[in-house]
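This report walks through a single protein chain, topic by topic. Please keep the sequence and the 3D view at hand while reading.

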Amino acid sequence: MLKLVLATERHHAAPVAWLNSFFLFSFADYHDPKNAQFGPLRVFNDDTVQAQSGFPQHPHSEMEIVTLVLEGELYHEDTMGNKATIKKGDVQRMTAGTGMAHSEQNRTDKVLHLYQLWFLSNQKGLAPSYEQKDLNFLDSKNELVPLVSGQKVLEDVVYMNSNTTIYWCNLREEKTVTFKTFPLRNTFIYVKEGSLFINGVDIGPNDQVRSTDEHVLEIRAVKDAQFILIDLPADAANY
């Protein structure tokens, strides 16, 4: 089954002048018990941060937090001692584990656009940790490129403590990619730009698809498209 969630159904939040966010799941002041998570995917925020602004230090625990920078640069500092600039095409993962805090700042004069995703960890009480890679994913062509995964067999990806894999795809018009999945797995797709046709369903910019019990997804670009695809366990026992 494919569930289409339109861009207009996202929760829009602009709590301060420098932040424009779209919440794909319940977060902060947005609470919908029917939209709390999809498998271990607990948070997916599409954020735009204005120049010379950002999030002051704040705490996290017991989450795998993944950040993809799509435009601009994000300066990160945390209580683990990490200080880093995450640039366009970079992927960052933090294991919050038993507890850590960090700040996120746009110190440039350009707008910052990022996706931040939180996943329920497959283990409690992990030591906090950090990883960052330049995967240059925005330049890939017509293939699903793995970015973050709990599968240690995949190379040149960021590792996280979740039975999940995050892919990125830049798909040219009329090109098709096929994603094969398995029983007890779900698939989540969010379109950054362009339009797709997936198993008979039209998907436009900022739309999302939540797929359950589909063994094969045939994804065709109606217009040049960029999208994120997440392969997730459906059962909490497999998170």
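Which side chain meets that of Lys-88 in a salt bridge? The partner is Glu-71, with an N to O distance of 3.5 Å. The model is a predicted one, and the values below are computed from it.

## Salt bridges

The structure holds 7 salt bridges, and three of them are described here, including the pair of Lys-88 and Glu-71. Lys-88 sits in the loop between strand 8 (83–87) and strand 9 (90–95), and Glu-71 belongs to strand 6 (residues 63–71), so the contact ties together parts that are 17 residues apart in sequence. Lys-88 counts as partly exposed, at 45% relative accessibility. Glu-71 is also partly exposed, with a relative accessible area of 36%.

Another salt bridge links Asp-46 with Arg-10, and here the closest N and O atoms are 3.9 Å apart. Asp-46 is part of strand 4, while Arg-10 lies in the loop between strand 1 and strand 2 (11–13), so this pair ties together parts that are 36 residues apart in sequence. Are its two members buried or exposed? Asp-46 counts as buried because its relative accessibility is 6%, under the limit of 20%. Arg-10 is buried as well, with a relative accessible area of 13%. A further salt bridge joins Lys-192 to Glu-193, the closest N and O atoms being 3.2 Å apart. Lys-192 is buried at a relative accessible area of 16%, whereas Glu-193 is partly exposed at 37%.

How many of the 5 residues of strand 19 are buried? The count is 5 of the 5 in this strand (residues 208–212), so strand 19 is largely enclosed by the rest of the structure. In a regular strand, side chains alternate between the two faces of the sheet. In strand 19, Gln-208, Arg-210 and Thr-212 point one way, and Val-209 and Ser-211 point the other way. The residues of both sets are buried.

Strand 19 pairs with strand 1 (residues 2–5) through 4 bridges, and the two run antiparallel. Within this pairing, Leu-4 stands opposite Val-209 of strand 19. Strand 19 is also joined to strand 17 (residues 185–198), by 5 bridges and again in the antiparallel sense. There, Asn-186 has Thr-212 of strand 19 as its bridge partner.

## Strand 13 and its partners

Strand 13 (residues 145–149) is mostly covered, as 4 of its 5 residues are buried. Which way does strand 15 (residues 165–171) run against strand 13, parallel or antiparallel? The two pair in the antiparallel sense, over 4 bridges. One of the contacts sets Val-148 against Ile-166, its bridge partner in strand 15.

Strand 13 has a parallel pairing too, with strand 14 (residues 158–159), made by 2 bridges. In this case Ser-149 has Tyr-159 of strand 14 as its bridge partner.

## The largest pocket

Rolling a probe the size of a water molecule over the atoms shows where empty space is left. The largest pocket has a volume of about 290 Å³. Its lining consists of 19 residues, and those nearest its centre are Leu-19, Phe-27, Asn-45, Asp-47 and Phe-55.

Which strands each supply at least two residues of this lining? They are strand 3 (19–23), strand 4 (41–49), strand 5 (53–60) and strand 11 (112–120). Strand 5 gives the largest share, with 4 residues. By residue class, the lining has 12 nonpolar, 5 polar and 2 charged residues.

Definitions and conventions: Residues are numbered from 1 along each chain as its sequence is written. This is a predicted model: local features need pLDDT of at least 70, side-chain atom pairs count only at pLDDT 80 or more; totals for chains, interfaces and linings use all residues. Side-chain values use heavy atoms; hydrogens and water are left out. Buried means under 20% relative accessible area, exposed over 50%, partly exposed in between (1.4 Å probe, protein chains only). Two strands pair if DSSP finds at least two bridges between them. On a 1 Å grid over the protein atoms alone, a cavity is a set of points where a 1.4 Å probe fits but cannot get out, and a pocket is an open set with protein on both sides within 12 Å along at least five of seven lines; lining residues have an atom within 4 Å of a point. Grid points are joined across faces, edges and corners, and a volume is the space filled by probe spheres set on the points. Ala, Val, Leu, Ile, Met, Phe, Trp, Tyr, Cys and Pro count as nonpolar, Asp, Glu, Lys and Arg as charged, and the others, Gly among them, as polar. A salt bridge is a side-chain nitrogen of Lys or Arg within 4 Å of a carboxyl oxygen of Asp or Glu.
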